[in-house]
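The following exercises examine a single structure. Please study the sequence and the model before reading each solution.

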Number of protein chains: 4
Amino acid sequence: MIQKTRFRARYAESDQMGLIHHSVAIVWFEQGRTELMSALGMPYGEMERQGWFMPVVEAGVRYRSGARFEDPIRIETRITRVSGAKIRFDYRAIHDEEDRLFYEGFTVLGCTGANGRPRRIPEQVREISLAAIEPAE
Amino acid sequence: MIQKTRFRARYAESDQMGLIHHSVAIVWFEQGRTELMSALGMPYGEMERQGWFMPVVEAGVRYRSGARFEDPIRIETRITRVSGAKIRFDYRAIHDEEDRLFYEGFTVLGCTGANGRPRRIPEQVREISLAAIEPAE
Amino acid sequence: MIQKTRFRARYAESDQMGLIHHSVAIVWFEQGRTELMSALGMPYGEMERQGWFMPVVEAGVRYRSGARFEDPIRIETRITRVSGAKIRFDYRAIHDEEDRLFYEGFTVLGCTGANGRPRRIPEQVREISLAAIEPAE
Amino acid sequence: MIQKTRFRARYAESDQMGLIHHSVAIVWFEQGRTELMSALGMPYGEMERQGWFMPVVEAGVRYRSGARFEDPIRIETRITRVSGAKIRFDYRAIHDEEDRLFYEGFTVLGCTGANGRPRRIPEQVREISLAAIEPAE
């Protein structure tokens, strides 16, 4: 399953180079991941309320072209790898009208309890994630 | 007591107008407030660990001139009003070398328990704050 | 005209109090203003490309209740005052399903050229804004 | 040369997990890079004023432990690779008192003119950067 998330780039996200600041890619990826998890029936906020936390343990981004204020953004999010303790999400941020690639990247999420100690991913989350895997592009 | 907090404006805080984005004033004010509370012996993080939270209930900013990336910033923070349930902080963000005023503003903080319900400000915090009051400029 | 802008609160916007950080209100207001200006046929990005800049000169927010991650947000934006040199926008951030008020506030925007010097608001922008005025609530 | 940059983690940078949000690592790295470039006599703001821009083309972060509000942060920044068109910076974000590693990562910067077109890095910047190279840890 590939989740498509759409919104406009915000002025506050721009920087003095006239582009969206590169740190924002990570925030946009997270928004894509949030929507994918909800679409898969495992909304992340609900996981936290039940005492499961999924901190990001690794992230990477390749910047292909610069996004700008008011650009229509489409984030394509997919799960590409699932183990007992980690899930990897891959992302592409794209100009939604021109289909131009802005950024591509990934984050790997671990799992902890409320005390911050590593835990195995809840069985149900692992199964849903495994079933949703898409190959990375 | 007037707390002076110094740092440099960050690139990520700039916007495409070439100025520090106006929402950042609120973040800088908070940094000044954090240092003032620590200097007064009531570090805010410690308050939260003991179950007291102080959400912002009102904020206001007047923008006098634009700050820019790499500008040396000085935040001057003072407490200007204290009641049983609220504390008001006033702030001035200034170019630390040119003494030029960037922003002036205030925030009013309320007090709640961990459940989000309003509470009276802890007696010790109220007393320290009262003793630290400075007139607003 | 009252512009309604809808989106979900982001995880990156939350803070350790479990609420959306209060500085984010200013960013959300800006997003509402951006959409209103586009809806009125005067997209702000286009203004900057033509050499007109509208920096925020004053801002104020009253926080009524806390927004949380994943909350459906509705920003209601209106123009409430227009002079030769300034436009005032008023905003309400609301839980889009419960109709609960999170924040209400305003920003006053001035006008400058690319050199940062104050200018009168472009005549066309002033006329459109005047025609769009709604009373503040 | 290894530049050490010190500051405290901000409340606005925390998230509802009680940790500093992972996107902030990228902002902190940038702050370390800004200070290293200034210390090397090539302040980045000055480069932009002369028409040279250095956008980030790749970034990566490994998160080792969670930073928290008020933690004393030390960013260690070094240049690890220089070519005609790119410079790579490596970073470590560390608890400045406990010497605990929070994050390690890198960014690769390209070079463009004001028009966004790729350019070779200015000769002087390339020479200074080459002379400052430190091996990655």
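A residue is called buried if 20 or more other C-beta atoms lie within 10 Å of its own, exposed if 12 or fewer do, and partly exposed in between, with C-beta atoms placed from the backbone. The model is predicted: local features need pLDDT of at least 70, side-chain atom pairs count only at pLDDT 80 or more, and totals for chains, interfaces and linings use all residues. Residues are numbered from 1 along each chain as its sequence is written, while chains are lettered from A and ligands numbered from 1 in the order in which they are written.

**Exercise 1.** Describe the overall build of chain A.

*Solution.* Step one concerns burial: of the 137 residues in chain A, 45% are buried. Step two lists the elements, where helices (H or I, at least four residues) and strands (E, at least two) are DSSP runs numbered from the N terminus. Chain A holds three helices and five strands, arranged along the sequence as β-α-α-β-β-β-β-α. Step three turns to extent: the C-alpha trace of chain A spans about 45 × 30 × 20 Å along its principal axes.

**Exercise 2.** Which strands pair across the two chains, and what does chain D contribute to the contact?

*Solution.* First, β2(A) and β2(D) pair in the antiparallel sense over five bridges, and Val61(A) stands opposite Ala59(D) in β2(D). Next, the contact (C-beta atoms, placed from the backbone, within 7 Å) takes 18 residues from chain D and 18 residues from chain A. On the side of chain D that touches chain A, α1 (24–39) and β2 (56–63) of chain D are the elements giving two or more residues. The largest share, eight residues, comes from β2(D).

Key
Contact = placed C-beta atoms within 7 Å. Pairing = 2+ DSSP bridges.
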